[in-house]
Amino acid sequence: MLDTLTDSFKNAIGKIRFHDDAKALKKATTELKKSLLKADVHHKVVKDLIAYVETETKKNGVGKDNFLKALQDKLSEILTIEGAPKGFTFASKPPTVVLMIGLQGSGKTTTTGKLAYFLKEQKKKKVLVIAADLQRLAAVEQLKQITSQIEIDLVADEGATPTQIVKQGLAKAEKELYDVVIIDTAGRLAIDDELMDELAEVKKVANPDELFYVADAMTGQDAVRTAQTFKEKIGITGVILTKFDGDAKGGVALGLTQQVGVPLRFIGAGEKMPDLEQFISDRIVSRLMGAGDVESLAEKAAAAIDPKEAKKMTQKIKKGQFNFNDFLNQMEQMKKLGSMKSIMGMIPGMGNMAKQIGDMDLENSDEIKTIKAMVSSMTPKERENPDLLNNTRKRRLAAGAGLEQMHVNRVLKQFKNAAKMAKKMSGKGGMKDMQKMMAQMQGGGGGGFPGMPR
Ligand SMILES: Nc1nc2c(ncn2[C@@H]2O[C@H](COP(=O)(O)OP(=O)(O)O)[C@@H](O)[C@H]2O)c(=O)[nH]1
Ligand SMILES: [Mg+2]
């Protein structure tokens with residue numbers, strides 16, 4: 001998500017040794033300056049950052065520790081607004097009302113879904129979405145599809161006006177005790193008075209706790225400029241940058257908070273519902289300095305994994321009863337964590353791996369598709385008990401899933417190996433076996449789990 005920036009900092013940090021001289025410092029900051037500008041960070045932000053890091057490091061003695069400290073302090077400062085909320089905060093009295101505003105195509109509707117999903121899955125909240133984009137019929141239809149996919153309630157009425165539908169939705173939220181209401185609004189290709197008037201009216205009726213300006217990160221400094229305009233004309237409490245997975249260089253995320261005077265609150269990095277990350281400055285600084293973001297990862301995992309389910313699964317694995325239903329279940333849980341790339345980016349030292357993995361899609365990898373096709377051709381009994389699969393049944397499976405029988409055999413063998421391995425690891429000395437296995441895999445000889453890239 002922040003690869004380019006993280007690389008810039010890593011390279012600069014690598015140029016300074018524990019005890020060093022002013023020349024080395026200059027070299028490091030010159031290169032940092034160049035790469036930040038290239039990543040599209042605003043020149044004033046870069047100038048300010050470099051000046052601070054140089055002065056502070058010199059003052060405290062040129063060396064790696066002081067350089068790191070100066071960099072970290074300044075990054076925290078430019079990413080934070082004193083007293084402003086971070087990530088998502090709830091109103092003292094529910095429902096928390098969120099108004100999503102922005103230009104057309106910036107990602108408001110998608111992000112409305114992502115935010116609803118985040119609040120439901122990670123914060124366990126009851127969320128209501130209101131479709132107040134009534135400019136295009138397709139807009140309501142799009143929101144219907146998104147909300148039904150993530151099982152979130154929607155208030156929509158193509159015949160109403162935006163303010164009418166907002167009133168209707170808020171009344172429902174009050175009555176039925178929703179925790180959060182998210183209102184999706186219409187955008188325009190460019191800022192115009194008509195849009196601003198409509199939004200001002202919706203704002204008056206909605207009386208929102210949060211006004212999130214949704215901006216496309218790929219538009220670079222334009223995202224900052226339009227955010228400033230919306231802040232002046234409507235007022236905003238936060239910014240969400242979308243499409244960070246594209247070729248966005250990321251620089252805009254670094255300068256935006258100070259430039260607009262409103263904190264960046266979330267980053268969208270993908271078209272799927274789990275692809276939304278909270279922007280919490282201390283965690284982002286940690287990530288930028290190459291130390292990962294273990295906190296966010298732990299939060300995501302805790303929310304996605306049901307402890308009761310997890311325990312049941314461990315028991316099954318121990319008894320060697322792990323079957324195809326369990327496997328599909330596990331895949332579903334993994335999906336909730338988001339893309340593999342974003343997970344890797346949060347693990348310290350795994351940033352580079354994230355890049356190599358690219359956009360590996362768990363759900364759509366060939367291996368997973370094959371397994372899913374096979375499982376869907378199995379009878380319920382076969383799913384429960386892979387041992388039932390004799391040659392006749394395997395032939396039937398191959399035909400049903402449109403695969404060669406060799407392929408079916410290979411996948412079944414992998415699956416059995418994986419289940420065996422899991423059983424071994426869940427027993428005594430499991431960790432040692434795991435390490436051995438990792439070493440083998442890195443040596444290129446490992447058998448591999450089904451679904452692992454090989
Ligand atoms: N790759 C990527 N695409 C996104 C992201 N957010 C939104 N989109 C896509 O951008 C397009 C416009 O999004 P939409 O939510 O309809 O924008 P709206 O007009 O502001 O409501 C859609 O095709 C979305 O799938 C993101 O974070 N990453
Ligand atoms: Mg929309």
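Helices (H or I, at least four residues) and strands (E, at least two) are taken as DSSP runs and numbered from the N terminus. On this basis the protein has 21 helices and eight strands. The model is predicted, so that local features need pLDDT of at least 70 and side-chain atom pairs count only at pLDDT 80 or more, while totals for chains, interfaces and linings use all residues. Residues are numbered from 1 along each chain as its sequence is written, and chains are lettered from A and ligands numbered from 1 in the order in which they are written.

A residue is buried if 20 or more other C-beta atoms, placed from the backbone, lie within 10 Å of its own, exposed if 12 or fewer do, and partly exposed in between. Of the 454 residues of the protein, 38% count as buried. Two residues are in contact if their C-beta atoms, placed from the backbone, lie within 7 Å. Among contacts between residues at least 6 apart in sequence, 72% join residues at least 24 apart.

Two packed helices are described by the angle between their axes and the distance between the axes. Axes are lines fitted to C-alpha atoms, for helices over the stretch in contact, and angles run from 0 to 180 degrees between N-to-C directions. Helix H1 (residues 3-14) packs with H2 at an angle of about 170 degrees, the axes being 8 Å apart. H1 and H2 are therefore roughly antiparallel to each other; angles under 35 degrees count as roughly parallel, over 145 as roughly antiparallel, 65 to 115 as roughly perpendicular and the rest as oblique. In this contact Ser-8, Asn-11 and Ala-12 of H1 meet Ala-28, Glu-31, Leu-32, Ser-35 and Leu-36 of H2. By class these residues comprise four nonpolar, three polar and one charged, where Ala, Val, Leu, Ile, Met, Phe, Trp, Tyr, Cys and Pro count as nonpolar, Asp, Glu, Lys and Arg as charged, and the others, Gly among them, as polar.

Helix H2 (residues 22-38) also packs with helix H3 (residues 43-60), at an angle of about 165 degrees and with axes 10 Å apart. That angle makes H2 roughly antiparallel to H3. The contact involves Ala-22, Leu-25, Thr-29, Leu-32, Lys-33, Leu-36 and Leu-37 of H2, together with His-43, Val-46, Ile-50, Val-53, Glu-54, Thr-57 and Lys-58 of H3. Eight of the residues in the contact of H2 with H3 are nonpolar, three polar and three charged.

Lys-33 of helix H2 has 19 C-beta neighbours inside 10 Å and therefore counts as partly exposed. Leaving aside residues up to four places away in sequence, Lys-33 touches Val-46 and Ile-50. The C-alpha atoms of Lys-33 and Ser-8 are separated by 8.9 Å, the two residues being 25 apart along the chain.

Ligand 1 has 18 residues around it, of which Gly-107, Lys-108, Thr-109, Thr-110 and Gly-268 come nearest; a residue is near a molecule if its C-beta atom, placed from the backbone, lies within 6 Å of it. Helix H5 (residues 108-121) gives the most to this shell, with three residues. The shell divides into one nonpolar, twelve polar and five charged residues.

Leu-177, not a glycine, has a positive phi of about 55 degrees.
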